Amino acid sequence: MAEDSHDKAADLRHKLIRNFNQVPRERYTRPPLYDSLVGAVSDGTLARKLGCGIDTVAPGQQSCPYHFHHTQEEMFIILEGQGTLRVAGERLPIQAGDVIFIPCGPEYPHHILNTSEAELRYLSISTQERPEVCEYPDSGKLAVFSKGPAFIQRRDKGLDYWDGEP
């Protein structure tokens, strides 16, 4: 009986708990602006509506392009370091301990820049609605995320609604 209880507890722990310090990370680089280590904290858990990642951004770099979501809300919890939140055309200083809330919609394009000389580490938490559409104001791109790979296209290269239809 104690064995069953131990197995159930271990199974629950595996499904419900992650230590963000122990999550495997993958490095994403695209010189000269992008350099970050990213780990998927919520992958493999029972979370269905919330996702969590951990990001570590190198000094003077950023993790992603300026963008906004049509469906997902995001929250960032700054764990270490300082930097700049570029949001809605403004640049706001951020530091360890800050919790940032970003609603969906074109009023709040955003990204986080490490404008310091040390690493910037934060949790990225978001709702996981799919399908999701993101727009990238600096480059004019539009991305659709569903199951499988993202579909990305420039807004000015769109097709007519009837293109290719009989």
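These entries record what I looked up in one predicted protein model.

**Entry 1. Ground rules**

I worked from a predicted model in which local features need pLDDT of at least 70 and side-chain atom pairs count only at pLDDT 80 or more, while totals for chains, interfaces and linings use all residues. Residues are numbered from 1 along each chain as its sequence is written, and side-chain values use heavy atoms, with hydrogens and water left out.

**Entry 2. Overall build**

I began with the elements and found one helix and 13 strands in the protein. Both kinds are DSSP runs numbered from the N terminus: helices are H or I with at least four residues, and strands are E with at least two. Read from the N terminus, the order is α-β-β-β-β-β-β-β-β-β-β-β-β-β. Along the principal axes, the C-alpha atoms fill a box of roughly 65 × 50 × 25 Å.

I then looked up burial, where buried means under 20% relative accessible area, exposed means over 50%, and partly exposed lies in between (1.4 Å probe, protein chains only). Of the 166 residues, 33% count as buried. For contacts, the cut-off is heavy atoms within 4.5 Å. Among contacts with a separation of 6 or more, 59% come from residues 24 or more positions apart.

I next turned to strand pairing. Strands of a sheet pair through backbone hydrogen bonds, either parallel or antiparallel. Here two strands pair if DSSP finds at least two bridges between them.

Three strands form an open antiparallel sheet in the order β7-β6-β9. β7 (90-95) and β9 are the edge strands, each pairing on one side only. From one strand to the next the twist averages 25°; the axes are lines fitted to C-alpha atoms, for helices over the stretch in contact, and angles run from 0 to 180 degrees between N-to-C directions.

I followed β6 (residues 82-87) to both partners. Six bridges join β6 and β7 in the antiparallel sense, and Gly83 has Ile94 in β7 as its bridge partner. The hairpin of these two strands has two residues between them, and there Ala88 takes a positive phi near 50°. Towards β9, β6 runs antiparallel with four bridges, and Thr84 stands opposite Leu113.

**Entry 3. The sheet of four strands**

A further open antiparallel sheet has four strands in the order β4-β11-β12-β13. β4 (68-69) and β13 (151-154) each have a single partner strand, so one side of each is left without a neighbour in the sheet. β4 and β11 pair antiparallel over two bridges, with His69 opposite Cys134 in β11.

**Entry 4. Strand β8**

I checked which residues of β8 (residues 99-102) are covered: Ile100 and Ile102 make up the covered face, and Val99 and Phe101 the uncovered one. β8 pairs with β5 in the antiparallel sense over four bridges. In that pairing, Met75 stands opposite Phe101.

**Entry 5. Two loop residues**

Gly140 is found in the loop between β11 and β12. Gly140 is partly exposed, with a relative accessible area of 26%. Not counting residues up to four places away in sequence, Gly140 touches Gln153, Arg154 and Arg155. From Gly140 to Leu46 I noted 94 residues in sequence and 35 Å in space, C-alpha to C-alpha.

Thr45 lies in the loop between β2 and β3. Thr45 is buried, at a relative accessible area of 13%. Leaving aside neighbours within four places in sequence, Thr45 is in contact with Lys15 and Arg18.

**Entry 6. The largest pocket**

Last, I looked for open space. Rolling a probe the size of a water molecule over the atoms shows where empty space is left. On a 1 Å grid over the protein atoms alone, a pocket is an open set of points with protein on both sides within 12 Å along at least five of seven lines, whereas in a cavity a 1.4 Å probe fits but cannot get out; lining residues have an atom within 4 Å of a point. Grid points are joined across faces, edges and corners, and a volume is the space filled by probe spheres set on the points.

The largest pocket holds about 1,300 Å³ of space. Its lining has 41 residues, and Val38, His69, Glu74, Ser126 and Arg130 lie nearest the centre. β3 gives the most to this lining, with five residues. Strands that each supply at least two residues include β1 (26-30), β2 (34-40) and β10 (120-127). By class, I recorded 18 nonpolar, 15 polar and eight charged residues in the lining. Nonpolar covers Ala, Val, Leu, Ile, Met, Phe, Trp, Tyr, Cys and Pro; charged covers Asp, Glu, Lys and Arg; the others, Gly among them, are polar.
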